[in-house]
Each structure stands twice: as structure tokens, then as C-alpha cells.
Amino acid sequence: MDKNISDNSSCAYNDTVDIYMYPAVYSIFFIFGFPSNCLSLYIAWVQMQKGNSLGVYLVNLSISDLLYIITLPVWIMLPLKQTVNNTLCSLIELIMYNSFYVGSGLLCCISVDRYLAIVFPLHFARVHKVRTAALVSMLVWLTEISLHIGLLVYTDELHQLSSKRLCEAKIPLDTRRAHVAIIRVVLSFLIPLFLMAFCFHQIMMSLKKSPSTAANECDKIRNLLLLLLLVYVVSFTPFQVVMFVRGLLENNNCVFARQIRNSYMVFVATTTINSVLDPIVYCLITPSAKTEIRRIYMKCQSRLFKTVSLMRQLSSSTA
């Protein structure tokens, strides 16, 4: 058998994409994604401490993205045939899908928060409080985790987390996992996408009708919201389309599963783009975030200057 052909209990498939793409691509994503998400988490935390409800959602989004980013080394190890514990293997699979669910839910929260703040500026004042945002974020986490557990129970995989390597899913999809694929697409992509698009449209309509909003400010809000929606669509649409097709056509069909697997593996990797770009889009391009970054930079520069000066003084004293 060819060295790039993997075998399992269902059918054999070519894993060339895994071997040659994943280590390189995920290494790049990790190098850029980990520090940028750490920075965005700090900036969002500062905004939350100042009473900004949006900062609460950004903190939770950064945590969700970080949880996914820190699993990338394991996804790099798997195609390299490195030993990975069964429990860890299953855990990173759960973290990946929970990141999809929680991330989509928090994106909806951010869209609705901006929608209420701009379209109904004199109403829903309680919604924009930090405590309310924290409760909503907690509800998103609990709902999405419960939903994922429910799907694992439905596919009879919950009790096999330590004995079955869920990160190395068998192909083709059986009937239950095909149903789960369709449910995931509808709940974690189509509904959030519809909600975000609706909020974007209503916000833009409101800004056009508002004479008090300056043209420059209107352009900033429009560009920001459009970029948020664009990143989400580009990152998740290919993967969700393939998952939907698999759910409809792959049901115990080994030939079809082998044909579509490479495309599926490529688009699984491209979903990571969302976790890498989230901190740039949500934190690093906003005026308050830029101010905080400048403050951090100046502080680090000052400490570095003091350290260098101290080292020079010590060197002179020693000489």
C-alpha cells in the first residue's frame, strides 16, 4: 500500500493533504494567531474594565479563539504520525467544534449589540451593561457546549472519548453523523449568518437616515461591519458547504467520501483564518485598541531603554 494511503475500518483514503499541508499551514497560523489573540485578550479585558459591554464579548471571543489556537500543535503532530494520547486526541476535536459554535454565537451577540446601540440608541440601555453582556456570554457558552454534548450523545460517541480517537474520524459518515453534519451547518452557520447579515443591513439603513452621524464615522462603522461579515463568510463558507454536501450525499458511500475528503481537509484548515483574523478585526483596528497598543508599546520601549541603560552602567562599573 502507498505510504500516503491510510486505512480504517470503513474505507481507505489518500492522506497526502494532511501530511504536506497541515504541518506548514498550522505552524504559520499558530505563530501569528497565538500572540495576536493574547494581545487582543488583554485589550478586550482593558475595555471591559472600563465598563464597555462590547469588551465582554471580545474577551470571550478571544478565549474561544485561543482555545482553538493552542490545539494547533496537536493537529500538526497527527499527520506527522507523532504519538497523541486518545483522550487528548478526542479533546482537541471537541475544542475545535466548540470554537465554531461559541465563536458563531458570540459574533451574533456582537452584531445584535451594535444593532441595538445604533438602531435603537435611546432604548435597551440595560442590554449594554457589562453584567448583562457577561450573563449573555455565559449563556452562549452553556448553550453551545450543551448542544455539542447532545450531538455526541446522538452519535453514541460521548462515552467513547477516552477509548476512541474522535480527531481521526472514520469515513464515510454513517446516517447519524450525516444528520449531525446538516444540523451543525444550520445551527452554527446559516442561522448566525442570517442574523449578522440582518443586523448589518439594519445598521446601514439607520446610519443613512441619521443626520447626526458624520460621513467619516458612518464610513468607519460600515467598513468595520462589512469586514467582520466578510471574514466570517470567507473563513467558514467553504467548510460549511462541504459539510452540508457530505451530510446529504456521503451517507455510507465510501467512493464519494474518498472523492471529497481532500477538499474537506483543506477547508477544515481554512476555518483557522477566522481565529487568526478575529483579533485584528475586532481589536486592533478600533481607535481605543490602537490607543492601548500605543500605550503598551511606549511602556515596553521605556522599560527596554531603562534595562539597556542599566546594563551599560553595570558594564562600565565592571570595567
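**Exercise 1. Describe the packing of helix α4 against helix α6.**

Step 1. The axes of α4 (residues 86-119) and α6 (residues 175-209) come within 9 Å and cross at roughly 20 degrees. Axes are lines fitted to C-alpha atoms over the stretch in contact, with angles from 0 to 180 degrees between N-to-C directions. Helices are DSSP runs (H or I, at least four residues), numbered from the N terminus. This is a predicted model: local features need pLDDT of at least 70, side-chain atom pairs count only at pLDDT 80 or more, and totals for linings use all residues. Residues are numbered from 1 along each chain, and side-chain values use heavy atoms, without hydrogens and water.

Step 2. α4 and α6 are therefore roughly parallel (angles under 35 degrees).

Step 3. In α4, the contact residues include Y97, L107, S111 and I118; in α6, they include R184, L195, M196 and L207. Contact means heavy atoms within 4.5 Å. The residues of this contact divide into 15 nonpolar, 5 polar and 2 charged. Ala, Val, Leu, Ile, Met, Phe, Trp, Tyr, Cys and Pro count as nonpolar, Asp, Glu, Lys and Arg as charged, and the others as polar.

**Exercise 2. Which residues lie nearest the centre of the largest cavity, and which helix gives the most to its lining?**

Step 1. A cavity is a set of points on a 1 Å grid where a 1.4 Å probe fits but cannot get out; lining residues have an atom within 4 Å of a point.

Step 2. S111, M196, L225, L228 and L229 lie nearest the centre, among 11 lining residues.

Step 3. α4, α6 and α7 (215-249) each supply at least two lining residues. α6 gives the most, with 4 residues.

Step 4. The lining divides into 10 nonpolar, 1 polar and no charged residues.

Definitions and conventions
Parallel < 35°, antiparallel > 145°, perpendicular 65-115°, else oblique. 1 Å grid on protein atoms, 1.4 Å probe; cavity = no way out; pocket = protein on both sides within 12 Å on 5 of 7 lines; lining within 4 Å.
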